[in-house]
Amino acid sequence: MSDNLPNWNLKDFYSSFKDEAISKDLDNFKKYTKTFKESYKDKLLSHSSKLENIIEEYENGNEIGDKLGNYAFLIYATNMDVSEIVQFYQDINEKLTEISSDLIFFTNEINATSDDDFKKLINGSGKYKNWLINIRRFKDHQLDEKSEQILLDKNLTASSSWVRFFEERINDLKFNIDGKQLNSAGALNLLSDHDEKVRKKASESIETVFKSEVKTFTFITNTLAKDKITNDKWRKYSSSVDSRNLSNNVENDVVEALSKSVTSNYKKISHRYYELKSKIFKKNQLDYWDRNAPYPNSPKTLIKWEEAKDIVLRSYANFDESFKDIVLMFFQNNWIDAELKSGKSPGAFAASTIPSIHPYILTNFHGKTRDVMTLAHELGHGCHQYLSSKQGLLLSSTPLTLAETASVFGEMMTFRTLLNDSNKDTKKFLLASKIEDMINTVVRQISFFEFEKLIHSARKNGELSSDQICDFWMSTQIESLGPHIRLTEGYKYFWTYIPHFIHTPFYVYAYAFGDCLVNVLIQLYDEGLPDFKNHYIDLLKSGGSKHYSEVLKPFNVDLKNQKSWEKGLSMISGLIDEFEKSI
């Protein structure tokens, strides 16, 4: 790309990682935690009538620590090859862990109360009632204060250190393709290149590198899975997924209903689509071996950054002008980092940071249609986070069940804009691209979810070999993709680079959850549900202040009912119908 792609400006946090204000904030955070502990430890019940003020004090104090932690992560995410910044990131994490140990008593003391005493706390909690209820949900899984402190202290040398090792190892990998050394983001991008020879060379290089590193990633996976098993045992979780569902504030049967709906529709969605795609390749006398292969004669023109910006802005404005205004702030104020560079985290994410600042977005922009969709997706997160920030630090965080709502919705609005701007031939390719994105978001993520369940279940019986993990990977991928995708022998190592397995076990189902939910909402929007926009904006503004079932009431959506998920999946089937008619 020849565009001057943007880098984010983190000066809303600090002028640099050497800013003296960082030390001052660390001192202020330390003073706050000690004062808060001295003021309220073993005294919460006696202050129950003014608990709302105490929680607000807790919220304001934590914002100082979160400001430091978020800044350290963001500067690290774009400078993983700068030793000073890597050391800074680790140093901040170690100091924050040590300082925040003085706050462990707070939620422990809340959950140690009897049911009658908890009612007194609820009565005095004011606007934080839902936050308090969410804390209480962890009562049976919370340890005593000393044990919680030990786990917090050990985290830096346990799971957190292995996550960091994974990130830096992935960042250090180099892939030799046509005489060039590429990082993982650059190499993986070539898997969807128009030239089949380039795709094959990229695939072979990636497979070779992943195979050479599989022993390391197997060890990381085994260690983190065992660490989770140990934590789950002490916290009395009955299954490996329970802690994620509890954090997401979603019932186990809702997640199972989603997973069963998707897996039972593999044949109707992914198998059927890839069969259609294989027929197109055969018709053009081309070998169809990889699912990312672009269609014959598909458009090769790259989209420039300014064009991408215009497309996304128009897409959000088409739904509501207020969203365009929010999105514009990200572009005008350097809240986006899109440049392709070494030492930068691959992929894309939106960081909500803290309410007193604003969200930031990271993406790696190569100029493909998919990159425009990714930008729209992350800006959806950004809008969601910006709107919910008015709830404050404790109530703005959206559970994963709703966290993908705005992102997927924004992506769909952008897809429709691209479709409207295109001629008949281009529309066919865009339609195919969107179907593949939805398959990746729903089918693939549920297959990842099933893969993780196999890993964590089998790890309880002992350490897993690389071959075992590869077998789990291949069986779940073959089942989800169907007989018309020919997976190479080296594809069995592709589980190694997926960060969600390492960072946030079982996060992946949230993507499918969000996509199917948004598919339902979009159908309601198209059907003209009264006052849809206001209900939708209220959903985004609510953050984590309400249970998902409450914010979905205006839409008459019941996620415990498998029919709701079937309605969401029907939208993907409908697009496949439309695509089949076009070929």
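1. Apart from neighbours within four places in sequence, Ser388 is in contact (heavy atoms within 4.5 Å) with Ser396, Thr398, Leu540, Lys541 and Gly543. Ser388 belongs to helix α16 and is buried, its relative accessible area being 3%, where buried means under 20% with a 1.4 Å probe and protein chains only. Its side chain reaches the backbone oxygen of Gln385 at 3.4 Å.

2. This is a predicted model, in which local features need pLDDT of at least 70 and side-chain atom pairs count only at pLDDT 80 or more, while totals for chains, interfaces and linings use all residues. Residues are numbered from 1 along each chain as its sequence is written, and side-chain values use heavy atoms, without hydrogens and water.

3. An open sheet of 3 strands runs in the order β3-β5-β4 with mixed pairing, strands being DSSP runs of E of at least two residues and helices runs of H or I of at least four, numbered from the N terminus; two strands pair if DSSP finds at least two bridges between them. Because β3 (336-337) and β4 (349-351) each have a single partner strand, one side of each is left without a neighbour in the sheet. Helix α16 (residues 369-388) packs on this sheet, touching β3, β4 and β5.

Key. Axes are lines fitted to C-alpha atoms, for helices over the stretch in contact, and angles run from 0 to 180 degrees between N-to-C directions. Buried means under 20% relative accessible area, exposed over 50%, partly exposed in between (1.4 Å probe, protein chains only). A polar contact is a pair of N or O atoms within 3.5 Å; within protein, one must be able to donate a hydrogen and the other to accept it, and residues adjacent in sequence count only if both atoms are side-chain atoms.
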